[in-house]
Amino acid sequence: MADIQGSYDDLFTAVPSALAALLDEGDAGGSVAVFVDGRPVVDVWGGFTDADRTIPWQRDTIVNVWSVTKTMTALCALVLADRGELDLAAPVARYWPEFAAAGKEKVLVRHLLAHTAGLPDWDGPVAELYDWTSATARLAAQAPQWEPGNEAGYHSLTQGFLVGEVVRRITGRTLGAFFADEVAGPLGADFHIGLPAEHDHRVALTIPPQSRDDGYAASAPAGGATPAAGTPIRVHDGNSVAWRRAQIPAANGLGNARSVALVQSVMACGGSVRGARLLSQAGCDRAREEQFHGDDRVLGMPMRWGLGYGLFGNTYGWGGWGGSLVMIDPDARMAVAYVTHQMREPADDNRGLEIVTAAYDGLTGLRARSNGSHGSTDSSRRA
């Protein structure tokens, strides 16, 4: 069995075992964290940071989590809404007047968060993603592909610029700076949107699926999706220095499982973690307000979209290209994060679900212990 590092509550043994099994199946490396009541009950990692498997994964290894970044961007918008600085039901043009062009005067802020704004495709060059002003100007000039609010189509790259520009217009700060100042900083979370050069040595570059090279491009997971009309993003794009330095708040956040679970524990725990209150319980509850329920025309599958998060029964969260994932269960006050740089083909990738299932096995035992059957002894273990 693969060697797993870190620590975990002995009730959650299934979680490090699940990570070890993924590594034994051929994955290069990854990390997993489970937080309950804002505290880590699992914080483990294993494998290697390089495709040749020569450099061991470390406690502070970070990776591009791709679309898991969207949950961080959504949290920033929810924080502003909770403070009364952002009206989610207001037209985007109230904050960003240029956005009203080409028939978008009726697009609401909540449409941006729920993938219903009608601007799903990035049709510019990849290099323009690294220039915030050019990227947002391009999107402001576009016409929507459908009546905003009536349909949903996953805004894989565009959502971060759309929400991020609204945040910038309100606060005068980029999305990455706002996140660092108002979210990551107060929590002490090692997550970055726009990575400074001093952290480059900690980055595990994305590894394409077996039999693929770094020209492998993102695609929708379901066969019924509308063929992508936008510019394809390839593994080598995400591994570039330019990608890391830029702020692409839908797709280029870098962190580890610990930081992802810590940040999203805010949503699981009513807005407050580690003595830092980022938003109210009501502000957290907004995330679960259903904005769309039906077939997503880009993903090609049924979806329920809340405000910035996918809704799945009583839980919510989202995953990223290549396998990283975060799941939030407010009823259990639990956040589960799985972070990896090892891609698999989307149709063959159930790793995140396996990790979440293992976490629920531990949660069942934790509830029994909390009810007094075994007292409240400290049962943490080193992996």
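Setting aside neighbours within four places in sequence, Phe-48 is in contact (heavy atoms within 4.5 Å) with Ala-28, Gly-29, Arg-53, Thr-54, Ile-55, Pro-56, Trp-57 and His-341. The model is predicted: local features need pLDDT of at least 70, side-chain atom pairs count only at pLDDT 80 or more, and totals for chains, interfaces and linings use all residues. Residues are numbered from 1 along each chain as its sequence is written, and side-chain values use heavy atoms, leaving out hydrogens and water.

**Phe-48.** This residue sits in the loop between β3 and β4 (63-64). Helices (H or I, at least four residues) and strands (E, at least two) are DSSP runs, numbered from the N terminus. One of its contacts is His-341. Phe-48 and His-341 are 293 residues apart along the chain, yet their C-alpha atoms are separated by 9.7 Å.

**Helix α1.** This helix spans residues 14-24. Its buried residues are Val-15, Pro-16, Ala-18, Leu-19, Ala-20, Leu-22 and Leu-23.

After α1 comes Gly-26. The phi of Gly-26 is positive, near 125 degrees.

**Ring pairs.** There are 13 aromatic pairs in the structure. Rings of Phe, Tyr and Trp (its six-membered ring) pair if their centres lie within 6.5 Å; planes under 30 degrees apart are stacked, over 60 edge-to-face, the rest tilted. Tyr-154 and Trp-305 form a stacked pair, because their ring centres are 5.9 Å apart and their planes stand at 0 degrees. This pair links distant parts of the chain. Tyr-154 lies in the loop between α4 (132-141) and α5 (158-171). Trp-305 belongs to strand β10 (residues 301-305), 151 residues away. Both Tyr-154 and Trp-305 are buried. Which residues do ring pairs link into a cluster? They are Trp-66, Tyr-130, Tyr-216, Trp-243 and Trp-321.

**Confidence.** The predictor's confidence in each residue is pLDDT, from 0 to 100. Its mean over the protein chain is 94. Of the residues in the chain, 95% reach 70 or more. Residues 374-378 stay under 50. For this stretch the model has three contacts beyond four places in sequence.

Methods: Buried < 20%, exposed > 50% of the residue type's maximum accessible area, 1.4 Å probe, protein only.
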